[in-house]
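Open the model in your viewer and keep the selection panel at hand. The tour below moves from stop to stop and says what to select at each one.

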Amino acid sequence: MAFPSQVNPPQIGLREASLVDPDARRAVAGTLAVPVLPAEPADAGDESGTPVLGPGTAVVLDLLTEHGITGDDVFAVLESAGARGAAGEVTVLPLHRGVVEEVLLVGVGALAPADLRKAGAAIARRTRDREAVATSLPALADPEGFRALVDGLILGSFGFHWRSEGPEHRPVGRVVLTDVPDEAAYVDLLGRATAVSGAGWYSRMLALMPSNVKNPQWLADQAAEVAARTGLDLEVWDETRLRAEGFGGIAGVGQASDSPPRLIRLGYTPAGAGATSDLPHVVLVGKGITFDTGGLSIKPAEAMATMKRDMTGGGVVLAVLSALADLGCPVRVTGLIAAAENSISGSALRPGDVITHYGGRTSEVTNTDAEGRLVMADALAYAAAELAPTVLVDVATLTGAMKVALGQRTGGMFANDDALADQLRAAGEVAGEVLWRLPLAQEYAELLDSPTADADNAPGGPGAITAALFLEPFAAGLPWAHLDIASVGDSPVDAFEWTSGATGFGARLLLRWLEDAEIG
Ligand code: BES
Ligand code: MN
Ligand code: ZN
């Protein structure tokens, strides 16, 4: 099914010079955004805590004298707005059309990457539907801060629509980043930043796609488009082949749906390296449940309402694979997407059914709503047995228990390898997708015992932990991390780079890890 064309991220350009063209005495764009820093610590005793205008402001003030506006006027506006220079705070300087249409005074907080990401996203939100904005914030950013600024500008612009008359809003058309310290060096940084943010954008779009369009074959079609565009290797298993080759989890979970299951494999090899080279090989496995009704253990309506995004892990894997070539990722990466619709019909899995996974392990299905682990188990077992991975990482909206534990701004991580866990945690920190590690607590392993099969798929107990323990044997002792993004996969509100609804969480952090990690 066709879906309406979506909005595009803004075009982003670089400029070593500042916001104003000195010869023409003209602003670079109709809207200018200048930084506002919190009061100096030395002034902390000063009750007013007057914030400080940052780089790029002088040339703008100069231009504003043509509007009869002075520096004192600007401070008066900041003061009446109660502006403090907090990250992402925006104060608008009201102007009557003239040499500049609008000046935004943008708080940059402590200038940490997270602050600049917020500031970038705030600029993007405030300038949607505009033609262009120019900002001197790069003057204050180190390379990591610069990347975060771009990330915020792009993801803060994100939109998804299905309106007959077109989108309600469009991202600002063009962003000019001025006062860039070194244009030649920053062109590369900008390319990296847009590749990572673009993957975040893509995984968010995939997660938001309604399930009357997004079924397992649709995901396979997306993978085929990505593979053709970026030169990835692609293989897709259909339902017949899945059954024949022993993928009992994926075949079983998908057996009730009119849209049959697929296993999708995407392969990336660094330019110049052979597929059989001895480079490290990372295998990423994503949960691709294109809709989760719960199956016969059916979900109540409220719990089912957001389940179109239960393929977020699979979308993350697809988005990551789509950006590796642009980042020049130095290691081999395989992405596996276990795609199925967990539906109901006369052929649905029943509670009490026993399924046999790839490689022979069995599971007793005591709850058909614990379907994610069933499909992930097959894909992990296949990866471990056939792909000779150096490292395995899986991403899944696996358990509602994550929301209770970590809320909707932090992803959960389990790992059997401390170095891998540390790398992923650090990558999440720089990418703006924060992970918190939880224990693979063997104390609860006995909860998984089944009277009939190797394991019970819904053993209760601490739900996120027992789900991770269920998956652990399928990784066959290889270095493995499991990202449970169930609740961080959905944002309750628009806030900075987050837009309400599906977040596509995980693509940016995995790319940051793959871009420069020492793997293996
Ligand atoms: N897709 C859900 C997990 C989920 C819940 C994702 C809320 C996003 C938001 C998963 O398939 C599921 O239903 N898990 C059950 C497992 C239980 C039956 C053992 C859960 O967490 O309730
Ligand atoms: Mn479920
Ligand atoms: Zn699910």
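**Stop 1: the manganese ion**

Select the manganese ion (ligand 2). Its protein donors are Asp292 (OD), Asp369 (O), Asp369 (OD) and Glu371 (OE), lying 2.1 to 2.2 Å from the ion. Donors here are N, O and S atoms within 2.8 Å of the metal (3.2 Å for Na, K and Ca); water is not among the atoms, so sites may look incomplete. This is a predicted model, in which local features need pLDDT of at least 70 and side-chain atom pairs count only at pLDDT 80 or more, while totals for chains, interfaces and linings use all residues. Residues are numbered from 1 along each chain as its sequence is written, chains are lettered from A and ligands numbered from 1 in the order in which they are written, and side-chain values use heavy atoms, with hydrogens and water left out.

Along the chain, the manganese donors are spaced D-x76-D-x1-E. The angles among the six donor atoms run from 71 to 168°, and the site of the manganese ion (ligand 2) is irregular. Asp292 sits in strand β12 and Asp369 in the loop between β15 and α11, so the pair ties together parts 77 residues apart in sequence. Helices (H or I, at least four residues) and strands (E, at least two) are DSSP runs, numbered from the N terminus.

Now colour by accessibility. Asp292 is buried, with a relative accessible area of 3%. Asp369 counts as partly exposed, at 22% relative accessibility. Buried means under 20% relative accessible area, exposed over 50%, and partly exposed in between (1.4 Å probe, protein chains only).

**Stop 2: the zinc ion**

Move to the zinc ion (ligand 3). It is 3.1 Å from the manganese ion (ligand 2), and Asp292 coordinates both. Which residues hold the zinc ion (ligand 3)? Lys287 (NZ), Asp292 (OD), Asp310 (OD) and Glu371 (OE) coordinate the zinc ion, at 2.0 to 2.4 Å.

The site of the zinc ion (ligand 3) is octahedral, with angles of 77 to 173° among its six donor atoms. Six donors count as octahedral if opposite donors are over 155 degrees apart and all others between 65 and 115; four count as square planar on those limits, or as tetrahedral if all angles lie between 85 and 135 degrees; anything else is irregular. Ideal angles for six octahedral donors are 90 or 180 degrees. The zinc donors follow the spacing K-x4-D-x17-D-x60-E. Here Asp292 in strand β12 (residues 281-292) is linked with Glu371 in the loop between β15 (362-364) and α11 (372-386), 79 residues apart. Asp292 and Glu371 are both buried.

**Stop 3: ligand 1**

Show everything around ligand 1. It is surrounded by 17 residues, the closest being Lys299, Asp310, Asp369, Glu371 and Gly400. A residue counts as surrounding if one of its heavy atoms lies within 4 Å.

Next, look for polar contacts (pairs of N or O atoms within 3.5 Å; within protein, one must be able to donate a hydrogen and the other to accept it, and residues adjacent in sequence count only if both atoms are side-chain atoms).

- An N or O atom in the Asp292 side chain is 2.9 Å from an oxygen atom of ligand 1.
- An N or O atom in the Asp310 side chain is 2.9 Å from a nitrogen atom of ligand 1.
- A backbone N or O atom of Thr397 is 3.5 Å from a nitrogen atom of ligand 1.

**Stop 4: salt bridges**

The structure holds 25 salt bridges. Each is a side-chain nitrogen of Lys or Arg within 4 Å of a carboxyl oxygen of Asp or Glu.

Select Arg508 and Asp151. Their closest N and O atoms are 2.5 Å apart. Arg508 lies in helix α15 (residues 507-516) and Asp151 in helix α4 (residues 143-155), 357 residues apart. Both Arg508 and Asp151 are buried.

Then pick Arg309 and Asp490, which form a salt bridge with closest N and O atoms 3.4 Å apart. Arg309 is buried, at 9% relative accessible area. Asp490 is buried too, at 15%.

Finish this stop with Glu144, Arg147, Asp188, Arg192, Arg512 and Glu515, which a network of salt bridges links.

**Stop 5: strand β1**

Select residues 11-14. This is strand β1, with Ile12 and Leu14 on its covered face and Gln11 and Gly13 on the uncovered one. Four bridges join β1 to the parallel strand β9 (residues 174-177). Two strands pair if DSSP finds at least two bridges between them. Leu14 stands opposite Leu177 in β9.
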